[in-house]
Amino acid sequence: SEASDDQKFSLSEVLDPFKLCLSENKEVYLEHYVAGWRGLVKFLNSLGSVFGFISKDAANKVHILVNYLNGENASQYVTVQSMVKYELENELVDLTKRGSHPESGCRTLLRLHRALRWLELFLERLRTGSEDSKTSAMCAESYNESLAQHHPWVVRKAAGMAFCVLPGRPAFLEVMNVGPPEQVVAMLGEALPLISEVYQITEDLYAQRNLLDLP
Ligand code: 1PX
């Protein structure tokens, strides 16, 4: 039915927002960044309840950022660049240890930013993998190369267990709801350079401002 089609995830819900993320002068629009993450949370939920603890954390972070986007200082939260400038200038960020600003936009976005690197690595493996390659292995390798370095042992353990129940590559491409595998691969090939650019611009900004280890 039309109603259930509405709820079905489609890969474009993730890729389109990331395509819209960059402004002409290469600033990252927070609105589209967050929209991309909303799509990812929806996708994760469609994979089943094993991923609930992951999607809840991501959804919570999305929610924090949406509140800034719609809040009284919305005009300061148009781009990641303006957010960083505003929060730093107004001392709204806990820089070295958790204090009075445990949910700053800067530290919240940093968590999603680190996860975006995982996504980039994972989607690249998915794109170039063969039909019988294991998504669980691709997922674990990407995770170990990125996010895992920021997670304590318990979280790594739980994530590793969740990866095991991922469907095989053909079924995984199927839930993306794009069409035949070649079409998914083409779409990923088109979108990955953009995700990668958004990641790199954010990474450079955070590095410049010394924000890569925010508590
Ligand atoms: C196009 C579809 C591709 C697949 C989409 C899957 C989307 C995955 C989204 C993962 C989002 C993970 C956000 C994690 C943020 C985080 O690092 N949070 C930790 C630190 O936060 P804190 O506020 O305490 O400083 C927090 O401790 C995390 C808890 C949850 C466990 C995170 C495990 C991450 C595994 C990432 C791989 C997801 C596997 C998806 C399978 C397709």
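**Note on the predicted model: pocket, salt bridges and selected charged residues**

1. The largest pocket holds about 840 Å³ of space.

2. The lining of the largest pocket comprises 35 residues. Lying nearest the centre of the pocket are Leu44, Ile54, Ala115, Trp118 and Leu147. Two or more lining residues come from each of helix H3 (30-46), helix H4 (52-69), H6, helix H7 (135-145) and helix H8 (153-163). Of the contributing elements, H6 gives the most, with nine residues.

3. Arg107 is part of helix H6, which spans residues 105-128. The residue is buried but takes part in no salt bridge. Which side chain of opposite charge is nearest to Arg107? That side chain is Glu103, at 6.9 Å, whereas a salt bridge requires a side-chain nitrogen of Lys or Arg within 4 Å of a carboxyl oxygen of Asp or Glu. Leaving out residues up to four places away in sequence, Arg107 touches Lys61, Arg98, Pro102, Leu214 and Pro215.

4. Side chains of opposite charge can pair when their charged atoms come close. Over the whole structure, 10 salt bridges are found. One of them joins Glu13 and Lys42, whose closest N and O atoms are 3.1 Å apart. Because Glu13 lies in helix H2 (residues 12-19) and Lys42 in helix H3, this pair ties together parts that are 29 residues apart in sequence. Glu13 is partly exposed, at 29% relative accessible area, and Lys42 is likewise partly exposed, at 27%.

5. A second salt bridge to consider is that between the side chains of Asp16 and Lys19, with an N to O distance of 3.9 Å. These two residues are three places apart in helix H2, so about one helical turn separates them. Asp16 is partly exposed, with a relative accessibility of 36%, and Lys19 is also partly exposed, with a value of 33%. The pair belongs to a network of salt bridges that links Asp16, Lys19 and Glu190.

6. The salt bridge between Lys85 and Glu89 has its closest N and O atoms 3.4 Å apart. Both residues belong to helix H5 (residues 80-89), where they are four residues apart, or about one turn of the helix. Are the two partners buried, partly exposed or exposed? Lys85 is partly exposed, with a relative accessible area of 42%, whereas Glu89 is exposed, with 56%. The cut-off for the exposed class is over 50% relative accessible area, so Glu89 falls within that class.

7. Lys8 is placed in the loop between helix H1 (2-7) and H2. At 47% relative accessibility, Lys8 counts as partly exposed. Apart from neighbours within four places in sequence, Lys8 is in contact with Glu13, Lys42 and Asn177.

8. The C-alpha atoms of Lys8 and Gly99 are separated by 40 Å, and the two residues are 91 places apart along the chain.

Terms used:
Residues numbered from 1 in each chain as written. Predicted model: local features only at pLDDT ≥ 70, side-chain atom pairs only at ≥ 80, totals over all residues. Heavy atoms only, no water. Buried < 20%, exposed > 50% of the residue type's maximum accessible area, 1.4 Å probe, protein only. Lys, Arg positive; Asp, Glu negative; His and termini not counted. Contact = heavy atoms within 4.5 Å. 1 Å grid on protein atoms, 1.4 Å probe; cavity = no way out; pocket = protein on both sides within 12 Å on 5 of 7 lines; lining within 4 Å. Points joined across faces, edges and corners; volume = space filled by probe spheres on them.
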